[in-house]
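Please open the model in a viewer and keep the selection tool at hand. Each stop below names a selection and then describes what is found there.

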Protein chains: 2
Amino acid sequence: MRTEEKRVATMARTTNGDGQPVPRRLLAAATRLFAERGFDRTSVQEIVEAAGVTKGALYHYFGSKDDLLHEIYGRVLRLQQERLDAFADADAPVEQRLRGAAADVVVTTIENLDDTTIFFRSMHHLSPEKYKQVRAERRRYHERFRALVEEGQRTGVFSADTPADLVVDYHFGSVHHLGTWYRPGGSLAPQQVADHLADLLLRALRP
Amino acid sequence: MRTEEKRVATMARTTNGDGQPVPRRLLAAATRLFAERGFDRTSVQEIVEAAGVTKGALYHYFGSKDDLLHEIYGRVLRLQQERLDAFADADAPVEQRLRGAAADVVVTTIENLDDTTIFFRSMHHLSPEKYKQVRAERRRYHERFRALVEEGQRTGVFSADTPADLVVDYHFGSVHHLGTWYRPGGSLAPQQVADHLADLLLRALRP
DNA sequence: TTCAACATACCGACTGGTTAGTCTGCCGGT
DNA sequence: ACCGGCAGACTAACCAGTCGGTATGTTGAA
């Protein structure tokens, strides 16, 4: 009871208004605004107002405006890497593993459409070091995915007519592109889009 | 001789330095800088300095910074629309027409990589009216392309498993994505990339 | 041929507004 | 007494667009 009171009191302090702690609220507000108006067109003032705090709070938790961007990237990147690893490590035929991974990245991209839209649109706004770091993580992801394609090509279940790198870029092009055309509430549910896109990939890879 | 002198004098006036007229120099400088640093990160001052003129010149030829962006878009958009129309109107089987169009857009995109990169990255920075206009032109393009896919699906040469809209977005995703990974001087020539990507599309559409 | 009237192409200082980030200090809990 | 968690005024820099001015070219009439 005592610790409970403490927790509630602390919560009240760090969550004035709703039930979310301040850093999370800032991140959420920034994500929405960045996706809506773009990174450079969103002022720090607008972010803190949307989060119901002031600049003091923002610069208490984040080092810079860039930091917000980096955090947003980091979350999705880590999530997608984890999920890709899970699919790639599964005990199943290559075509099933690739299919699962290809469809899953579409679903998680749509489920975090704001984050991923910002990602591709403003990646180059990061400071050089952070940009480098993000690119490195990105490449790791790409390579893991490519390994799946290559494995299938080696074992003959996929056509080897197209270099694996290009195949991966082809698929991620469509993922990247989702933010441009996909609108929640459209005629297709995320999973349906994912299935279709995975189908296209697998059909393109038929020997 | 007299008229020649006059022409040269005029040229010298409108092309101080190299052989390009001022508006074209401005457009070229803006394109390079926008692609390099992004629209919002490029100041008008930097553009005019890169073009070797001053703000007076820029605002003499263009109404605003937005106008530059709009012009850059317009050029590529018109070029690609023309070429798509040519391929679509050709007298050949659908699969050949689609293949030609799909490969061609990849080549022209790579050949104008700066313009197209800016296009997809900064489209949403345009003023509402200009944005609407660009979107409308873009949709016309998309629909023409989709018609080709639908024709093939109706006549049975393409699989109808995937909605034509999605197929088009799948392909244009990869086109859109080119600016992210393609680097001139890489191991693949533009035409090779185009052939591979068109292959992937056509293979995905095999019944 | 000449000259005035006008037009085109550009220059560059200036303005009004915006912005990221800083800094001082309060406040409530431990 | 102290410290994390914030408030909010402040600063230094920057930037798109304007505007008055200059130089060069063109045209039409005397």
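Predicted model: local features only at pLDDT ≥ 70, side-chain atom pairs only at ≥ 80, totals over all residues.

Residues are numbered from 1 along each chain as its sequence is written, and chains are lettered from A and ligands numbered from 1 in the order in which they are written.

**Both chains**

Display chains A and B together. A rotation of 180° with 0.0 Å of shift along its axis superposes chain A on chain B, with an RMSD of 0.1 Å. This is the relation of a two-fold axis. The same surface serves both copies, as 100% of the contact residues of chain A recur in chain B. The superposition is by least squares on the C-alpha atoms of residues with pLDDT of at least 70 in both copies.

**The interface**

Next, select the side of chain A that touches chain B. Here 24 residues of chain A are in contact with 24 residues of chain B; contact requires C-beta atoms, placed from the backbone, to lie within 7 Å. Helix 9 (164-181) and helix 10 (190-205) of chain A each supply at least two residues to this side. Which helix gives the most? Helix 9 does, with nine residues. Helices are DSSP runs of H or I with at least four residues, numbered from the N terminus.

Now select B:Leu197. Its contacts, leaving aside residues up to four places away in sequence, are A:Tyr170, B:Ala102, B:Val106 and B:Ser174.

**Helix 2 of chain A**

Select residues 22-37 of chain A. This helix has 16 residues and reaches 22 Å from its first C-alpha to its last, close to the 22 Å expected at 1.5 Å a residue; the expected span is 1.5 Å times one less than the number of residues. Its buried residues include A:Leu26, A:Ala30 and A:Phe34. A residue is buried if 20 or more other C-beta atoms, placed from the backbone, lie within 10 Å of its own. After the helix comes A:Gly38, whose phi is positive, near 95°.

**A:Ala101**

Finally, select A:Ala101 in helix 6 (residues 94-111) of chain A. Is this residue buried or exposed? A:Ala101 is buried, because 24 other C-beta atoms lie within 10 Å. Not counting residues up to four places away in sequence, A:Ala101 touches A:Leu84, A:Phe87, A:Ala88, A:Phe145 and A:Leu148.

Key. Buried ≥ 20, exposed ≤ 12 C-beta atoms within 10 Å, placed from the backbone. Contact = placed C-beta atoms within 7 Å.
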